[in-house]
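Q: I have a structure to look at and would like to learn how to read it. Could we go through it one feature at a time?

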Amino acid sequence: MPRRPVSTPLIVANWKMQLGVAESAERALDLKTRLSGAKGRFQVVVCPSFLSMAGVKKALRGSTMKLGAQDVFWDERGAYTGEVSPVNLREIGAEYVIIGHSERRQLLGETDSMVGRKVISALGHGLTPILCVGETAHERNEGRHELVVARQIISALKTAPPPMGNGRLYIAYEPIWAIGTGEPASPEQALAMHDLIRQTLIELYSLAQVERSFRTLYGGSVTADNVNQYIGPKAYHGALVGTASLQPESFVTVIKHIDQGFTTKHL
Ligand code: PGA
């Protein structure tokens, strides 16, 4: 098999509904200041709440950090009270979007088919999807984790075209039992799922398409101390970070660890 291309690690901050509007802009500005001298080979994406996006975009101006959303609707416009259009997200400067996070699946009844429509919508509007998949503790204990995650990927992508041109689609493996619990997946568990994700993608697309357009992230209690166990040439291409991304100081430590680890692994 050809050697896999080296990709710049993607580090995504998922701020969920944890911060205020002004607070989000302040933290984005703080992050920009702390990272201003860094010449690392990494790409940071900040995903604040919808209402905080404009302020965060402004705060990130002049940095290489990108703006992401935490969700998107599948239609552009219409009678969809409370939903957010992919066109509006582009207008406000978003380039990435988290889709199908387990909190949305579990608390808001988002189904595989809704997730699939959102992925198509994002791709069609030039937003890079970060498709979240992951099993519950119960599903893992019953040995169904691989089936569950493969099903989530297949249902979300079966009608989706592969990303066009230089477009990318990220699959974020986030075991639900590891999110916000301080109990991350072991490197063995995470890497086994990385291989499963890759295999599932190869069944849906061609190997060349997977190599070119698909990347993976690990998420679930990521910290500076554990993140490099998941990222590498034969492992994940980056991380989706919740709790450890909320404080600029701790998020910058995660980013710097990834950068050092990446440099060492690719020298
Ligand atoms: P966590 O959240 O880092 O706090 O576990 C990750 C996520 O939900 O994306």
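This is a predicted model: local features need pLDDT of at least 70, side-chain atom pairs count only at pLDDT 80 or more; totals for chains, interfaces and linings use all residues.

Q: Is Val12 buried or exposed?

A: Val12 is buried, and its relative accessible area is 0%.

Q: Which residues does Val12 contact, leaving aside neighbours within four places in sequence?

A: Val12 is in contact with Val45, Cys47, Ile130, Leu217, Ala239, Leu240, Val241 and Phe251.

Q: What can be said about nonpolar side chains as a group?

A: In soluble globular proteins, nonpolar side chains tend to be buried together. In this model, the largest nonpolar core has 65 residues. Those with the most contacts inside this core are Trp15, Leu131, Leu157, Ile171, Leu201 and Tyr218.

Q: What does Ile171 touch, not counting residues up to four places away in sequence?

A: Ile171 touches Leu131, Val133, Ile153, Leu157, Ile197, Leu201, Arg215, Thr216 and Leu217. There is also a second, separate core of 12 residues, including Val45, Cys47, Tyr96 and Cys132.

Q: How many disulfides does a search of the whole structure find?

A: The search finds zero disulfides. A disulfide needs two cysteine sulfur atoms within 2.5 Å. For Cys47, the closest cysteine sulfur is that of Cys132, at 9.4 Å, so the pair is too far apart for a bond. Seen from Cys132, the closest cysteine sulfur is in Cys47, again too far for a bond.

Q: Are these two cysteines buried or exposed?

A: Cys47 is buried, with a relative accessible area of 0%. Cys132 is buried too, at 2%.

Q: How do I read the packing of two helices?

A: Two packed helices are described by the angle between their axes and the distance between the axes. Here, helix α7 (residues 145-157) packs with helix α8 (residues 187-204) at an angle of about 35°, and their axes are 10 Å apart. The crossing of α7 and α8 is right-handed.

Q: Which residues make the contact?

A: From α7 come His145, Glu146, Val149, Ala150, Ile153, Ile154 and Leu157. From α8 come Met193, Leu196, Ile197, Thr200, Leu201 and Leu204. The residues of this contact divide into 10 nonpolar, two polar and one charged.

Q: Which residues have a positive phi although they are not glycine?

A: Lys16 and Ser221 are examples. Phi is about 45° for Lys16 and about 60° for Ser221.

Q: Where are Lys16 and Ser221 found?

A: Lys16 is in the loop between β1 and α1 (21-35). Ser221 is in the loop between β7 (214-219) and β8 (238-241).

Q: Do residues count as buried or exposed at these two places?

A: The cut-off for buried is under 20% relative accessible area. Lys16 has 18%, so Lys16 is buried. Ser221 has 15% and therefore counts as buried.

Q: What does Lys16 touch, not counting residues up to four places away in sequence?

A: Lys16 touches Cys47, Ser49, Gln70, His101, Glu103 and Ile179.

Definitions and conventions. Residues are numbered from 1 along each chain as its sequence is written. Side-chain values use heavy atoms; hydrogens and water are left out. Axes are lines fitted to C-alpha atoms, for helices over the stretch in contact, and angles run from 0 to 180 degrees between N-to-C directions. Helices (H or I, at least four residues) and strands (E, at least two) are DSSP runs, numbered from the N terminus. A crossing is left-handed if the near helix is turned anticlockwise from the far one by less than a right angle, and right-handed if clockwise. Contact means heavy atoms within 4.5 Å. Ala, Val, Leu, Ile, Met, Phe, Trp, Tyr, Cys and Pro count as nonpolar, Asp, Glu, Lys and Arg as charged, and the others, Gly among them, as polar. Buried means under 20% relative accessible area, exposed over 50%, partly exposed in between (1.4 Å probe, protein chains only). A nonpolar core is a set of buried Ala, Val, Leu, Ile, Met, Phe, Trp, Tyr and Cys residues joined through side-chain atoms within 4.5 Å.
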